[in-house]
Every structure is written in C-alpha cells, then in structure tokens.
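Take a look at the fold below.

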Amino acid sequence: MKDIRRTLVAKLINDPAEYIGKEVDVKGWVRSRRGNKYVQFVALNDGSSVKSLQIVFDLAKFSEEDLKLVTTGSSINVQGTLVESQGKGQNVEIQAEALKVYGTADPETYPLQKKGHSLEFLREKAHLRPRTNFFSAVLRIRHALAYAVHKFFNDKGFYYFHTPLITASDCEGAGAQFQVTTLPLTDLPVNEEGKIDYSKDFFGKMASLTVSGQLEGELGATALGCIYTFGPTFRAENSNTPRHLSEFWMIEPEMAFYEIQDNMDLAEEFIKYCINYALEHCKDDIEFLAEHFDKELPERLRFVVENDFVRLPYTEGIRILEESGKKFEFPVHWGIDLASEHERYLVEEHFKKPVILTDYPKEIKAFYMKLNDDGKTVRAMDVLFPKIGEIIGGSQREEDLAKLQARVDEMGLEGMDWYLDTRRFGSVPHSGFGLGFERLVLFVTGMQNIRDVIPFPRYPKNCEY
C-alpha cells in the first residue's frame with residue numbers, strides 16, 4: 001500500500017471534481033459484493049454518507065484468493081484511481097490497485113446481509129444496526145440536530161449550563177425516578193420507625209437520577225440571564241409506548257425576564273431553526289428516508305418551517321374537541337390532561353398546523369408554573385406537532401415567593417429552600433421549556449418508534465449493551 005492520505009467516501013461522492021483521475025485511499029465496510037469471472041463490484045461505506053462508493057476489482061489484477069475475505073460486513077482499505085462511472089447508480093467509482101483486509105465477517109453468521117430487515121429485528125441487533133443505511137442516516141441526522149441546538153443557543157447569547165444527573169429533588173412531582181443508592185439491597189438498614197435509614201446511604205439522604213434539569217437551570221438563569229441544558233434524563237415510568245424511553249436527552253433553556261409570550265416565540269424560533277438546519281445539511285439522508293420509509297417527510301418538514309404556529313388557549317382547545325363530533329378513545333372534558341389523540345386532532349385535522357396550547361388547569365401542571373389571574377389556570381405552553389403530539393412543554397415560572405411557597409406546601413414537597421431562595425433574593429419574571437431531543441429526531445427522521453432514534457434504547461425490561 002502506498003502512503004496516501006485517506007479521503008472520506010462522502011467527499012469523493014459529493015465533491016469528486018478535485019479527485020477525478022487521481023489515486024485515492026478509502027477505508028470502510030463492505031455493504032455488498034457482486035460480479036462475474038472478469039470483474040467484481042464492491043459497495044464500500046465508511047459512515048460519512050448514506051451513499052456507498054463502488055470499488056471495481058479487475059480480476060486480471062486481483063485473484064479470487066485476494067478477494068475471498070471481501071464479504072458483506074468485512075472492513076477493508078482500498079487504493080486506486082477515482083474515475084467517472086460508466087454504469088448506472090453512481091457517478092464515480094474507484095478502479096482498485098491495492099487492497100488490505102482489516103477484519104473479516106463470516107457470511108454464515110453476519111446478521112446484516114444485503115436483504116430487508118424489519119425494525120423489530122434490528123432493535124435486537126442494536127450493536128450492529130448503525131451499520132445499516134437506515135440507521136446510519138438517522139444517527140447522522142441526530143448529530144446534525146445536536147450541533148444545531150448548541151449553535152442556535154450560542155448564537156443567541158445563551159450559556160451552556162450543566163445540571164446534576166444525581167439529585168435529591170423531583171422536578172415533576174410524579175415520583176417516577178430511578179433511585180441511586182449504595183445501601184445493601186439484601187440487608188437494608190432501618191431506623192426506629194422501621195423505615196429505611198438513608199442517613200447511612202452514600203449521600204446521607206434518598207437520591208435519584210434526575211427527571212429534569214429545570215430547577216437547577218433556573219438558578220443559572222437568575223445569575224447568567226439565559227442558559228440552556230442539554231443532557232440525559234431518566235423516567236422510571238412503566239411505559240411501553242412508541243413515544244417513551246426510560247433514558248433520553250433533554251434540552252431545557254431557562255430565561256430571566258422572559259414572560260410567556262417571549263417563551264412561545266423562542267420555542268417556535270428554536271424548533272424551526274433545528275428543522276431547517278437538518279433540511280440544509282442532511283439532504284441526502286432525509287431523501288433516503290423519504291424514498292424508503294416516509295414519502296411525505298420533506299414536505300412535512302418544510303411545512304413546519306414555513307408556517308406560523310397557532311397559539312391556542314386550553315379552554316378553546318377543549319371546546320374544539322368537544323364540538324368535533326369525533327369519537328375519541330379518551331373522553332374530552334375541561335380539566336383533563338390531553339392525550340396524544342386529542343393533540344394530533346388539533347394539529348393534523350382541525351388547524352393543519354403546529355399548535356402551541358396555553359393556559360392549562362393548574363391541577364394537571366407542575367407546582368412551579370405561574371398562576372393566571374383567574375386562579376384556575378397557569379401560564380403553561382405545550383408545542384404540538386403532527387404525528388408526534390407534544391414535542392415541547394414549558395411555562396412562565398412562578399416568581400412570587402408566597403404563591404410558590406403555597407404550591408410547595410400544597411404538594412408536600414420537602415428540601416426546596418434552595419429553590420425558593422431564587423424568589424427571596426432578587427426574584428424576576430422568568431420562563432423556560434423542555435424539548436425531548438429524541439422526539440425532535442423522531443419528527444425529523446419520520447420514524448414511528450422512539451426506540452429507533454437513539455443508539456441504545458432503554459425501556460421497561462430492556463437494558464442491553
């Protein structure tokens with residue numbers, strides 16, 4: 001092998017002009033091999049593009065013995081001349097001059113042969129599924145969206161703020177948390193009341209994995225002005241639905257001096273920015289997913305970017321649902337927490353646009369949301385999307401110490417003095433929201449199951465790899 005610097009497959013396919021007629025070096029995995037007794041064609045992919053690069057092996061130069069280890073799934077290094085392709089299906093190809101096999105893949109046991117595999121089957125092979133065109137496209141889009149998140153907030157003057165994964169508070173008040181402990185589970189220490197003695201635990205109190213970084217994020221916002229978090233969160237709900245994970249990533253901006261209208265404006269601008277970034281930078285991957293999985297995907301993405309979101313009070317939304325004449329699985333009445341079928345009706349059938357639903361009943365929302373003057377509703381806002389339902393949840397936070405203290409007492413929350421201090425010392429109007437990152441990836445890729453947009457999904461009875 002010659003001393004030639006490696007070039008990525010994406011570069012050769014998308015920008016071939018400077019390489020045509022030159023010797024190049026490529027490395028990657030074999031997606032397929034076909035041919036006859038005169039020539040062999042190998043599709044090589046290195047993860048940089050959904051498209052594979054065709055390698056042409058002239059059997060006057062390479063023997064069957066040379067190529068016997070070049071099977072689907074094997075990893076190889078090829079050097080040769082990049083030329084314009086005479087065949088269909090590709091613009092350029094490499095006329096191979098030298099070959100090195102790094103790792104072999106036994107055709108009898110390698111599970112990802114060139115044939116159709118169901119998504120259910122690939123979930124059982126999560127350690128290998130990124131090698132498929134389908135999942136490599138999803139993961140490249142996931143990367144682009146993560147970069148877009150950081151770029152959006154950085155360009156707007158926000159600060160990236162790290163919040164703890166281990167916490168002693170329950171932000172949502174739902175209690176669906178994974179406990180963190182070093183106590184011996186087969187011989188738990190108990191106190192005089194017969195309850196578990198957490199004073200003997202690692203932190204000296206009950207601790208759990210976080211369900212949200214919001215409360216700590218508010219501390220950052222009341223010092224730095226505007227912050228955002230982007231990290232893993234955990235929910236111990238026994239939910240086996242296509243929209244729930246036990247471990248997922250959350251983006252949570254918190255902004256001092258933002259009221260509910262500012263919050264809605266930011267949420268709409270943010271999500272449009274991320275989707276538009278994917279449209280501009282993941283064109284090949286989106287087109288591939290549209291061709292093989294969801295033909296309406298590009299149109300749906302452009303529709304969201306190009307249309308204003310509807311702003312709709314919860315009470316008005318309930319009226320629309322009640323008067324729709326549609327039979328829902330879950331009955332509709334004022335005070336319910338809307339189900340996905342209700343949210344999708346408003347978005348997909350009634351308005352045919354994304355909807356920001358506001359002013360929910362206080363009983364179905366978290367303790368920290370600002371109470372409206374009617375005493376019954378809070379300044380909450382949920383962004384509802386087609387095919388997804390809720391994709392963003394947020395609110396203006398209650399800045400009045402007495403009102404927030406009353407809600408804390410009403411819900412029986414303990415250990416919240418540190419949080420209440422932000423209202424004792426220099427309290428300001430402030431707002432924020434949370435976006436489940438996987439739901440954004442789900443929407444942008446057109447996938448149907450949230451387990452297919454994260455490399456290693458965690459859900460009830462599943463913690464592989």
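Where is F257 found? F257 sits in the loop between β11 (247-256) and α6. Helices here are DSSP runs of H or I with at least four residues, strands are runs of E with at least two, and both are numbered from the N terminus. The model is predicted: local features need pLDDT of at least 70, side-chain atom pairs count only at pLDDT 80 or more, and totals for chains, interfaces and linings use all residues. Residues are numbered from 1 along each chain as its sequence is written, and side-chain values use heavy atoms, with hydrogens and water left out.

F257 has a positive phi of about 70°, although it is not a glycine. Most residues other than glycine have a negative phi. F257 is also exposed, at a relative accessible area of 60%. The cut-offs are these: buried is under 20% relative accessible area, exposed is over 50%, and partly exposed lies in between (1.4 Å probe, protein chains only). Y465 is another non-glycine residue with a positive phi, near 70°. Y465 lies in the segment after α13. At 47% relative accessibility, Y465 counts as partly exposed.

Now the whole protein. It holds 13 helices and 16 strands. Its C-alpha atoms fill a box of roughly 85 × 55 × 45 Å, taken along the principal axes. Of its 465 residues, 51% count as buried. Accessible areas come from the Shrake-Rupley method with a 1.4 Å probe; for residues, only the protein chains shown count as cover.

Charges come next. There are 57 positive and 72 negative side chains. Lys and Arg count as positive, Asp and Glu as negative; His and the chain ends are not counted. The centres of the two sets lie 6 Å apart. Each charge is placed at NZ of Lys, CZ of Arg, CG of Asp or CD of Glu.

Side chains of opposite charge can pair when their charged atoms come close. A salt bridge here is a side-chain nitrogen of Lys or Arg within 4 Å of a carboxyl oxygen of Asp or Glu. By this rule the count is 35. One of them joins R311 to E268, with the closest N and O atoms 3.0 Å apart. This pair links distant parts of the chain: R311 is in strand β12 (residues 310-313), E268 is in helix α6 (residues 260-281), and 43 residues separate them. R311 is partly exposed at 32% relative accessibility, whereas E268 is buried at 8%. Both residues belong to a salt-bridge network that also takes in D265, K272 and D308.

Two more pairs are worth a look. D25 and K27 meet in a salt bridge at 3.0 Å, N to O. D25 is buried, with a relative accessible area of 2%, while K27 is partly exposed at 24%. D294 and R300 meet at 2.4 Å, N to O. D294 is buried at 9% relative accessible area, and R300 is buried at 11%.

L165, I166, F202 and F203 make a nonpolar patch of about 400 Å². Patch residues have over 30% relative accessible area and no salt bridge; like charges are joined within 9 Å, and nonpolar side chains (Val, Leu, Ile, Met, Phe, Trp, Tyr) within 5 Å. L165 lies in the loop between β6 (159-160) and β7 (166-167). L165 is partly exposed, at 37% relative accessible area. In strand β7 sits T167, which is buried at 7% relative accessibility. Beyond its neighbours within four places in sequence, T167 contacts Q177, A207, S208, L209, T210 and E216.

Just after α13, G446 takes a positive phi of about 80°.

Note on methods:
Contact means heavy atoms within 4.5 Å.
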